[in-house]
Amino acid sequence: MAEILPIKPWRYHPGLAGRVEDLTAPLFDVVSEKQRQSLYQNPYNSIHLTVPPSADAAANLLAEWKKNGVIVQDPLPAIYVYYQHFKISGDPKSYCRKGFICHVRVYDWNEGVILRHENTIPVAVNDREELLEKTELHSSATHGLYTDPSFTLEPYMDEAMTNPILETEDYQGVRDALAVIHDAEVISKFIAVIGDKSIILADGHHRYEGSLQYKRKMLTKYPNDTRRGFNYHLMFLTNTESDDLKILPTHRVIRNLPHFDEDRITESLKEYFEIKPVDDIHTLNEVIAGKKWAFGIMMKDRCFKVRLKPDSIEKLDWPFPDLIKQLDLTVLHYFIIEKALGIPGKQQRASRHIDFDRSYADCMKRILEGEAQMAIITNEVTIDEVKAVCRSGYTMPQKSTYFYPKVIGGFLFTSIKDEEFAEPVYSPFYHGA
C-alpha cells in the first residue's frame, strides 16, 4: 500500500524563522487576492513560492534564497510532526488536529492507494505541475488521511511535540506547532504503520494530481525509475479516527440568476420537499442540524426548512450509484439547483450564478443586504461518507468538504532535485536515484 519516506526539508534560516508569523501564508486554493497582494510585500514570505506571479519567478527566487541562505536544507532525514490547535465558532471545546509531514510515493488513481473524493479542474492541475517542474520543489504539503483505530503513532508525535521547533498563530487564528523526529527506529514505525494503508486526499487534489502528471512526464525520460524524487509528493497525514478531525459545511449561494422568482421556486420545491417556515433566520442552521436530506433556504422575503420526501429520491435520475445519490449534496444539486432553479447539472461546476460560502453569517448578510437571491444552508459531510465515496471510485459534488483548519504554507519545503532528494548510501532510509 502507501510507501512513505522521511524528508530533508528546506526551512527558513533561524534568523528569519524567529519571525515565522511573517513567513507563513494560506495555500494557493484558499488565499484571497487581497491576502496575496499583502503577503507579497514581504520579500521573504512563502507566498512567493506557493502562489508566485509565475513559475519562472518562483524558480529564480528559490535559487536566490538557496544561494543567500534564506532557506537551508536540513542534513538528516526526519518525520516532521505538525499540530494545529483550534476552536470552532459556537463550540466551547478546544481541539488539536495531530499529524505528521513526510514524502508519499505518487500512485496512479487506478492503483487504489491514494483515494480522491473530489474532481479537479485541469487548468489548476496544470498550474501546479508547471510550478513543480520549474522549481523541483514541493512548496506546501497536501492533507491526507489514514485510518488507525489503535492510534499507534500519536504517542511518538506527542513526545516530539514536547519540544516544538516552530510555533505561530496563523491567519485562521489557529496555533500551529512543528516538531521533528530524527530517531531512525521511530521513523521506521511510521513507515510500517502507513505501509499497509491507503490514503484519502482531504485537501490538495490539484497539487497531488500535478505531481502525478509530472511523474508520468518524467517516466518517459527515465522509464521504470522508481527512486528519483519525482516519484514522491509532500503530504501531511492525519488519523481519520481522531475526534479532532473536523469537516465544516459549505453553503451554496445563488446570485444574478435571470428570471429568479421566489414564489415559483417555492412551488417547485414543494413537489419534492416537505417545507416548514422558520421565523428566525438566525436559527435556520440549527433547525436542519443532523437531519438527512434537510436544507435551509434563505431568500429576501422568506426563510424555511426543506426536507426531501422519502419517495422523491427515486426520481433522481443522474447516472450515479445509490451511494452517491443518497448524499445530501447530490440531493441539493439535483432537486434544488437543477430542478427548482433550472441550472443543469453539467453546467453547475462552471456556473457564475453559484457561489460557495462556509460562513452562515456571511450567507445571511448577503441575503439581507440584497447581494444574493438565495442561500442554501447545508449540514457538514461526515468522514464516514468521505470514506465510502472514496471506496466507491466515484467523487462528490464540487465543494463538498472543507476540512478545518487548513494547513498553512511556509514551515518547510522539500526538493525533488536528484542531489537534494537522495540520501547517502549509509542512510537507513536510502532512496538514491
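This is a predicted model: local features need pLDDT of at least 70, side-chain atom pairs count only at pLDDT 80 or more; totals for chains, interfaces and linings use all residues.
A residue counts as buried when its relative accessible area is under 20%. By that cut-off Arg-228, at 17% relative accessibility, is buried.

**Strand 4 and its neighbours**
- Strand 4 covers residues 79–87, and seven of its nine residues are buried, so the rest of the structure largely encloses it.
- On one side, strand 4 runs antiparallel to strand 10 (residues 175–181), with seven bridges joining them.
- Strand 4 also pairs with strand 5 (residues 94–105), again in the antiparallel sense, over eight bridges.
- Look for Val-81: it stands opposite Ala-179 in strand 10 and opposite Phe-100 in strand 5.
- Six residues lie between strands 4 and 5 in their hairpin, where Gly-90 takes a positive phi near 85°.

**Salt bridges between parts of the chain**
- The structure holds 27 salt bridges, and one of them joins Glu-133 to Lys-217, with the closest N and O atoms 3.2 Å apart.
- Because Glu-133 sits in helix 5 and Lys-217 in helix 8, this pair ties together parts that are 84 residues apart in sequence.
- Arg-228 and Asp-418 meet in another salt bridge, at 2.4 Å from N to O.
- That pair links a loop between helix 8 and strand 12 with helix 16, 190 residues apart.

**A salt-bridge network**
- Asp-355 and Arg-366 form a salt bridge at 2.6 Å, N to O, and both residues are buried.
- Salt bridges with shared partners connect Arg-255, Asp-355, Asp-357, Arg-366 and Glu-371 into one network.

How values were computed. Residues are numbered from 1 along each chain as its sequence is written. Side-chain values use heavy atoms; hydrogens and water are left out. Buried means under 20% relative accessible area, exposed over 50%, partly exposed in between (1.4 Å probe, protein chains only). Helices (H or I, at least four residues) and strands (E, at least two) are DSSP runs, numbered from the N terminus. Two strands pair if DSSP finds at least two bridges between them. A salt bridge is a side-chain nitrogen of Lys or Arg within 4 Å of a carboxyl oxygen of Asp or Glu.
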